[in-house]
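This report is meant for a reader who meets the structure for the first time. Please look over the sequence and the model before reading on.

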Amino acid sequence: MKSAMPITTRFLDIGGVLLNKGWDHIARGKKRESSAAGTVYTCPMHPEVQQNHPGECPKCGMTLEPKTVTTGTDDDENAELRNMTKRFWIGAALALPVFGLAMAHLIPALARQSWVDGSVSRWVQFALATLVVGWAGWPLLHRGWRSIATRHWNMFTLVSIGVGAAFVFSAVAMLMPGIFPSMMQHGGKVPIYFESAAVIVVLVLLGQVLELRARSRTGGAIKALLTLAPATARQVAPEGDHEVPLDQVKVGDWLRVVPGDRVPVDGAVVEGHSSVEESMITGEPLPVEKTVGDKVTGGTVNGSGSFVMRAERIGSDTLLGQIVNMVAEAQRSRAPIQGLADKVAGIFVPVVLAVSALTFVLWMWFGPEPRLAHAIVCAVAVLIIACPCALGLATPMSIMVGVGRGAQEGILVKNAEGLERLEKVTTLVVDKTGTLTEGKPKLMDVLPTSGFDKTEFLRLAASLEQNSEHPLAAAIVRGAKEQGVVLEVVTGFRSVTGGGVSGAIAGRKVMIGKPDFLRDEKITGLESLEASAMKLQEEGKTTMFVAIDGKPIGILAVADPIKSTTPEAVRGLHALGLKLVMLTGDNRRAADVVAKQLGLDEVVAEIEPAGKVAHVKMLRAKGQHVAMAGDGINDAPALSEAEVGIAMGTGTDVAMQSAGVTLVRGDLRGIAKALRLSRATMRNIRQNLFFAFLYNALGIPLAAGVLYPFVGLLLSPMIAGAAMSLSSVSVIGNALRLRKVTL
């Protein structure tokens with residue numbers, strides 16, 4: 001034994017040096033590779049930790065993840081998972097015979113065999129356990145040592161100390177048994193616990209593998225979004241079309257999109273026409289017709305036509321790129337509730353170390369023989385079972401899965417704080433135009449006087465209005481084209497600001513505008529039309545009077561129609577217990593009509609952007625938790641003032657940047673989905689924290705041996721390791737349930 005000791009010690013020293021060098025070589029290789037790519041790596045639990053190469057978080061030991069989301073290859077993305085999986089399987093294969101040899105004495109048929117506790121068995125256990133701990137468990141020990149060196153104590157601190165204590169005690173018992181008193185020896189031999197050290201390493205590796213697999217699944221929503229963008233684009237060039245990688249497309253490039261292709265980037269149609277399926281954005285399966293000048297969005301699917309587009313937004317500037325980055329940022333963000341877990345974890349490790357030391361002392365003082373063996377077993381069991389990995393995973397896992405689930409439904413959460421705040425919302429403030437309504441005026445009524453043909457009336461009116469730049473004029477022209485009306489050329493076109501327009505069409509003089517404008521043009525007999533217009537205005541419609549050849553001929557009514565999905569959305573929000581308040585700059589009459597039709601709780605009309613901010617402040621001062629939904633630049637200040645700002649994805653970039661939540665499809669029903677998602681996620685987080693706290697509250701006393709005086713029960717370090725891994729798996733499994741939650 002003594003002659004073998006220097007050789008063995010030298011072997012371990014050489015092995016440790018080689019392992020250290022190998023690990024450093026791998027780390028440097030990864031660092032060079034990643035630094036060249038310019039990728040920034042960050043910690044899912046501590047987003048403030050960032051570096052330009054892979055590694056582990058110095059605070060929690062968790063593997064850093066790339067901050068920039070790419071489609072990547074499986075080799076790039078799963079390197080850590082493959083590494084841990086290989087270590088787990090090899091470690092398990094080596095630990096199994098260690099466990100078998102250690103437990104052989106419990107099998108009656110083998111108990112009397114001399115080899116069961118013989119020198120060969122003990123040396124085999126020592127050799128195999130050295131490989132398991134020194135190679136398979138090296139990442140765990142490395143992280144544990146780093147946590148001690150940086151004084152950021154975490155789960156790996158406890159694992160490395162526990163495994164190290166069990167292994168070192170057993171190794172000393174093997175190599176220098178003479179230093180132990182005879183009262184610790186059974187049959188002339190000191191007990192060894194190589195099986196505990198080896199099995200604990202394997203169980204922790206299993207937990208790491210399951211965690212890495214689960215974390216890779218939480219990115220499924222991002223992967224699905226990334227696959228919407230094609231890998232290449234057809235670039236139009238003088239020498240002919242040719243395919244180029246998507247990342248080589250530049251702003252201003254002309255790209256051809258053929259039938260069945262996905263639109264490569266955001267841009268505008270410059271040639272051709274087609275129908276494009278935009279369900280990615282709108283949620284509607286019906287294709288949208290696209291002609292010259294129309295905008296197209298990267299990731300949408302072209303129909304049977306072919307067109308040439310000009311690239312206007314590329315890479316991360318596209319709508320799809322912005323969505324992916326928002327989801328990725330949100331998954332890495334921290335909810336305020338995580339502060340509770342952080343505070344507990346900050347004092348947890350030193351407390352556990354103290355409890356472990358106290359357990360050791362008490363067993364040494366009061367425990368039965370062999371006291372030292374019992375003391376070490378119980379102290380190590382406390383360290384292992386108290387690993388705060390479940391506590392650390394409780395919040396980030398739920399946030400990652402919840403944010404990904406929201407992305408699948410077109411709900412983009414800017415950060416975890418917004419998701420947590422959304423759960424407490426009691427009042428929802430909404431803008432009218434573009435939020436409750438379509439946001440685009442639409443021709444609603446064409447009412448010529450009796451005896452005048454309706455189609456002819458619309459043809460003359462729309463032909464005149466095609467020369468105007470007013471939004472109401474565009475609505476009339478658009479409505480006429482939808483009805484198949486062919487417009488004619490206008491001569492002598494004249495526009496009076498705030499009044500109306502006039503011109504000649506095929507020899508007929510046409511005027512459209514307000515009654516006062518027509519009276520100024522010597523048109524009389526408007527009284528009957530004004531009475532009809534009053535009824536339309538009470539319905540929230542804007543009316544325009546039409547005169548042809550000096551006589552009043554009829555009325556055109558334009559309105560911003562309520563979205564077809566809005567009534568259902570309002571009912572759903574009321575069912576969730578929310579009070580709905582509409583703030584709009586529109587006139588009182590139009591606002592009251594919309595509020596009455598939808599059954600809103602409160603309406604404030606003719607209000608400026610500053611007034612919206614003041615009203616939100618007033619609601620919050622009354623103790624209400626306020627969310628604000630809007631889509632325009634004028635809504636941005638109020639979105640920022642509200643506890644949670646909700647931007648409609650069909651609105652402006654400014655609104656989306658000011659909001660904590662964006663509804664990609666611009667559908668108000670998404671707010672109800674977002675609320676249900678928030679409540680489900682926060683409920684899931686509380687369940688995870690409860691599981692984690694309960695597990696540690698029950699596990700630590702059991703591991704310390706509190707039941708031994710009563711029932712003779714001791715929790716071995718192996719069982720403690722299994723329980724610790726099971727707690728992490730239970731938290732991860734509970735978080736993954738959010739992927740199936742109904743919104």
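This is a predicted model: local features need pLDDT of at least 70, side-chain atom pairs count only at pLDDT 80 or more; totals for chains, interfaces and linings use all residues.

Residues are numbered from 1 along each chain as its sequence is written, and side-chain values use heavy atoms, with hydrogens and water left out.

**Confidence and overall make-up**

The average pLDDT (the predictor's confidence in each residue, from 0 to 100) of the protein chain is 78, and 78% of the residues score at least 70. Over residues 1–37, however, the pLDDT is below 50, and this stretch has 32 contacts in the model beyond near neighbours in sequence, a contact being heavy atoms within 4.5 Å. Residues 71–76 also stay under 50 in pLDDT, with 6 contacts beyond four places in sequence.

The protein chain holds 28 helices and 24 strands; these are DSSP runs numbered from the N terminus, with H or I over at least four residues for helices and E over at least two for strands. Of its 743 residues, 51% are buried, where buried means under 20% relative accessible area, exposed over 50%, and partly exposed in between, with a 1.4 Å probe and protein chains only. Among the contacts with a separation of 6 or more, 67% are between residues 24 or more positions apart.

**Helix α3**

Helix α3 covers residues 79–103, and its 25 residues should span 36 Å at 1.5 Å a residue, which agrees with the 35 Å between its end C-alpha atoms; the expected span is 1.5 Å times one less than the number of residues. At Ala 95, shortly before the proline Pro 97, α3 has a kink of about 25 degrees, the bend being the angle between axes fitted to the seven residues ending there and the seven starting there. The buried residues of α3 include Ala 95 itself, together with Leu 81, Phe 88 and Val 98.

Strand β18 (residues 542–548) is largely enclosed by the rest of the structure, because 6 of its 7 residues are buried. Two strands pair if DSSP finds at least two bridges between them, and the table gives two pairings of β18.

| Partner of β18 | Sense | Bridges |
|---|---|---|
| β17 (residues 508–513) | antiparallel | 4 bridges |
| β19 (residues 551–559) | antiparallel | 7 bridges |

Val 546 in β18 stands opposite Ile 512, whereas Met 544 has Leu 556 in β19 as its bridge partner. β18 and β19 form a hairpin with 2 residues between them, and Asp 549 in the turn has a positive phi of about 55 degrees.
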